[in-house]
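Hi,

Here is the structure I promised to pass on. Have a look at it first, and then read my notes below.

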Amino acid sequence: MAILASKGGGDIRSYEISPICPEGVYPAVCLDIFDSPGIEEPSFDDPSIMVLKDKTRFLFLVKAGEKEAMVQTFEFNVSGSPKSKLYDFIKNWLGKPPPAAFDTINLIGKPCQITIENRVSKKGTPYASVSGIAPLMDPTTAPSTDGVEIPGGPRAELPDGPQANVDENSSSE
């Protein structure tokens, strides 16, 4: 999975999720991670130069009242720089900065609290967006992932097979 290094366009690489999760703040659990290595896109400094970047996104199962729904993040550039959006996202999730060489695979199965906003793409397609994340104060309120099917199948392979249970404290040590 994505290893946060010290330094650090194209097609949409995402999960097909339907229906759209309603806006709100919900207990959630990370179901999967979609890594896309070596994506070619224009350089920020000079758009005429193409650069390769590694991207990642997270898929969550949320408990919206009595119902459960899925929502995914936008694509993050894989970077361990404290200035990166991925680093900030993980820091907010864990409640502290991730350790050096942190592997995002450790976040699968980890509960959290997420804020969801509904948006509309430039092409007019409505979608749910994760606009905030925080540690879940009461992990017992997180939805159960038993029997949940990931749209298109899991992208992440855990050491004991796809979507093996991850100890809740494994990513915070």
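Let's start with a definition: rings of Phe, Tyr and Trp (its six-membered ring) pair if their centres lie within 6.5 Å, with planes under 30 degrees apart counting as stacked, over 60 as edge-to-face and the rest as tilted. By that rule, the structure holds nine aromatic pairs. Phe58, Phe60, Phe74, Phe76, Phe89 and Trp93 are linked into a cluster by ring pairs.

Some ground rules before you go on. This is a predicted model, so local features need pLDDT of at least 70, side-chain atom pairs count only at pLDDT 80 or more, and totals for chains, interfaces and linings use all residues. Residues are numbered from 1 along each chain as its sequence is written, and side-chain values use heavy atoms, leaving out hydrogens and water.

How far can you trust it? pLDDT is the predictor's confidence in each residue, from 0 to 100. The protein chain averages 83, and 83% of the residues score at least 70. Over residues 4–11 the pLDDT is below 50, though this stretch has 16 contacts in the model beyond near neighbours in sequence (contact means heavy atoms within 4.5 Å). Residues 161–173 also stay under 50, and there the model has 26 contacts beyond four places in sequence.

Now the fold. Helices (H or I, at least four residues) and strands (E, at least two) are DSSP runs, numbered from the N terminus. The protein chain has one helix and six strands, and along the sequence they follow the pattern β-β-β-β-α-β-β. Among these elements, strand β3 (residues 67–72) has the lowest mean pLDDT, 89, while α1 has the highest, 96.

Which residues of helix α1 are buried? Buried means under 20% relative accessible area, exposed over 50%, and partly exposed in between (1.4 Å probe, protein chains only). In α1 (residues 85–94), the buried ones are Leu86, Tyr87, Phe89, Ile90, Trp93 and Leu94. They cover an arc of only 160° around the axis, which puts them on the same side of α1; the arc is that of the directions from the helix axis to the C-beta atoms. Their cover includes β1 (24–42), β2 (50–64), β4 (76–77), β5 (111–120) and β6 (126–134).

Next, the cores. A nonpolar core is a set of buried Ala, Val, Leu, Ile, Met, Phe, Trp, Tyr and Cys residues joined through side-chain atoms within 4.5 Å. The largest has 28 residues, and Phe58, Phe60, Val62, Trp93 and Ile114 touch the most other members. At least two residues of this core come from each of β1, β2, β3, α1, β5 and β6, and α1 gives the most, with five residues. Leaving aside neighbours within four places in sequence, the contacts of Phe58 include Cys30, Ile33, Val71, Phe76, Leu86, Phe89 and Trp93. There is also a second, separate core of eight residues, including Tyr15, Leu31, Phe34 and Leu61.

Two last stops. Ala101, in the loop between α1 and β5, has a positive phi near 60° although it is not a glycine. Ala101 is exposed, with a relative accessible area of 54%. Pro139 sits in the segment after β6 and is partly exposed, at 31% relative accessible area.

Cheers
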